[in-house]
Amino acid sequence: MPDHILILAPLLAPLLGGVFCIFFWKNLKVQQTIYLLATSFTLLMGLALLQRVDEQGIISLQAGNWEAPFGITLVVDMLSALMLSASALLGMVIHFFSLSHTSVTLERKHFGYYPALLLMLFGIHGALITGDIFNLYVWFEVMLISSFVLLTLGGEEGQLEGAVKYVTINFIASSLFLAGIGILYGISGSTNMAQLSVYLHAEDISPIVYVGFLFFLISFGIKAALFPLFFWLPASYHTPPIAISAIIAGLLTKVGIYALFRTAIFIFPSDMPIFQNLILWLAGLTMLSGMMGALAQQDYRKILSYLIISHMGYMVMGLGIGTQLAISGAVFYILHSIIVKSNLFFMGGLIGKFSKTFDLTKAGGLYKKLPILSSCFFISAMSLSGIPPLSGFWGKYVLARAGLEQQDYWIVGVALLTGLLTLLSVGRVWLKMFLKSAESKTVEPQMSERYFSAQHPGMYSTVLLLMLLVLAMSFYPEPFVQWSETAAQHLLNRELYIEEVLGTIDQTNEHASN
């Protein structure tokens with residue numbers, strides 16, 4: 001299949017799917033069929049892209065045959081392909097989780113649930129493959145609009161309050177991002193990422209470049225929920241139905257991290273040690289502050305929200321260390337985090353249905369009633385804590401090794417401490433919700449897991465499917481490690497990306513001088 005079809009397919013499939021869903025607004029069955037077809041096709045194209053990039057390296061498309069840096073550039077390297085595949089997978093499995101009307105109510109489904117999901121996937125995929133910094137801003141706005149619709153579907157008071165905080169802080173982030181783009185365009189005359197990279201690495205660094213990077217760091221720090229800009233996340237992620245929380249929690253913050261990696265490593269010069277030290281401090285403070293929040297909560301969904309914040313610190317740690325080993329460890333951790341965190345949210349949906357509460361002080365006795373779900377939670381929780389040989393361990397091991405090689409001992413110590421505190425946090429959930437007896441009569445004593453799973457087959461199959469993927473990453477990590485290493489090579493070797501987009505190095509220098 002030609003490269004341009006492979007690149008365009010993950011964009012067009014969710015866009016057309018969303019448009020067709022609007023045409024069939026009153027027919028929910030047709031919307032569900034369209035959604036499943038669109039996301040399944042997107043997943044197939046995502047995996048095909050992954051294979052193509054693995055075999056041939058970075059590929060690109062100049063829309064309308066307008067050569068870069070003058071046209072719209074779409075670029076797929078290994079990091080884009082990996083995250084796009086993970087996004088497409090999560091987009092598809094959420095269909096099965098949403099089949100039950102108890103996971104997402106009929107009212108919400110009739111008010112644009114499927115079109116909004118597809119529009120959000122459209123925005124995510126656009127952000128992952130764009131080669132233009134202004135287009136990245138546009139894709140972020142598409143994600144913001146669609147996620148705001150998803151967060152407010154149902155119109156409950158708590159949802160609206162959380163969504164307003166979410167959209168307000170993200171509006172501020174977008175404004176800072178736009179200001180940073182304006183600075184870069186003002187000094188270089190281009191918004192093409194490859195052209196910007198050539199320009200900023202060919203010229204002496206002007207102080208205004210530092211200001212532009214600071215704007216980008218704050219903007220993406222807000223979107224990725226880094227310290228001290230994370231307060232919007234625990235205020236909003238627990239309010240919508242758990243299916244929506246799972247996909248937003250699994251993907252949107254990771255797109256913020258992706259944008260930070262793309263700009264900090266590729267566009268801006270790497271010899272800005274003051275910012276590398278700042279990023280390392282942000283990583284450490286994000287890990288610890290997120291853990292403090294998780295340990296203070298009694299609500300399962302809020303605990304997960306704070307754990308998301310804490311574990312974003314591991315990914316930023318890889319960026320702060322900055323070596324190829326550290327970047328590959330961070331990429332592996334991003335993939336692990338997307339799957340495990342989303343699955344923990346999905347399990348939370350089942351726990352909430354069974355216990356009729358997310359409160360640790362009220363729920364209990366789940367291990368006896370739901371042994372399969374309990375086992376899935378235990379494995380995911382141990383993986384999140386970094387217990388060997390589960391997937392979280394491999395990412396943390398690589399990051400710790402990279403930190404020790406660079407003699408960044410303190411951040412390695414913080415990462416290990418955060419792992420222990422994560423174990424304490426998920427262990428508290430395990431003890432209170434699964435092992436101890438329920439203090440209230442929220443659990444129906446006669447309901448078995450067989451009967452419960454028969455009532456919610458889509459929700460159970462989603463959890464089990466993602467559980468298999470966690471086990472695959474844990475016991476057969478080689479392909480994921482190899483892809484992560486290739487992603488780090490593509491990020492750090494700027495010439496590969498620049499030559500693919502602009503042509504030869506000689507031509508790119510000519511572009512820069514012009």
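Me: Why is Glu-161 called partly exposed?
Reply: Glu-161 has a relative accessible area of 47%. Buried means under 20%, exposed means over 50%, and partly exposed is in between (1.4 Å probe, protein chains only), so Glu-161 counts as partly exposed. One note before we go on: this is a predicted model, where local features need pLDDT of at least 70 and side-chain atom pairs count only at pLDDT 80 or more, while totals for chains, interfaces and linings use all residues. Residues are numbered from 1 along each chain as its sequence is written, and side-chain values use heavy atoms, with hydrogens and water left out.

Me: What makes Glu-161 and Lys-165 a salt bridge?
Reply: Their closest N and O atoms are 3.5 Å apart. A salt bridge needs a side-chain nitrogen of Lys or Arg within 4 Å of a carboxyl oxygen of Asp or Glu, so the pair of Glu-161 and Lys-165 qualifies as a salt bridge. Both residues lie in helix H7 (residues 157-188), 4 residues apart, about one turn of the helix. Helices here are DSSP runs (H or I, at least four residues) and strands likewise (E, at least two), numbered from the N terminus.

Me: How do you know that Arg-262 is buried?
Reply: Its relative accessibility is 2%, so Arg-262 counts as buried. Arg-262 forms a salt bridge with Asp-77, with the closest N and O atoms 2.8 Å apart. The pair links distant parts of the chain: Arg-262 is in helix H11, and Asp-77 is in the loop between strand S2 (73-76) and helix H3 (78-97), 185 residues apart. Asp-77 has a relative accessible area of 0%, so Asp-77 is buried.

Me: What makes Lys-341 a buried residue with no salt bridge?
Reply: Lys-341, in helix H14 (residues 324-355), is buried, and the nearest side chain of opposite charge, Asp-299, is 16 Å away. For charge, Lys and Arg count as positive and Asp and Glu as negative, while His and the chain ends are not counted. A salt bridge requires atoms within 4 Å, so Lys-341 has none. Leaving aside neighbours within four places in sequence, Lys-341 is in contact (heavy atoms within 4.5 Å) with Leu-307, Ile-308, His-311 and Leu-384.

Me: Why is Leu-16 called partly exposed?
Reply: Leu-16 lies in helix H1 (residues 3-23). At 44% relative accessibility, Leu-16 therefore counts as partly exposed.
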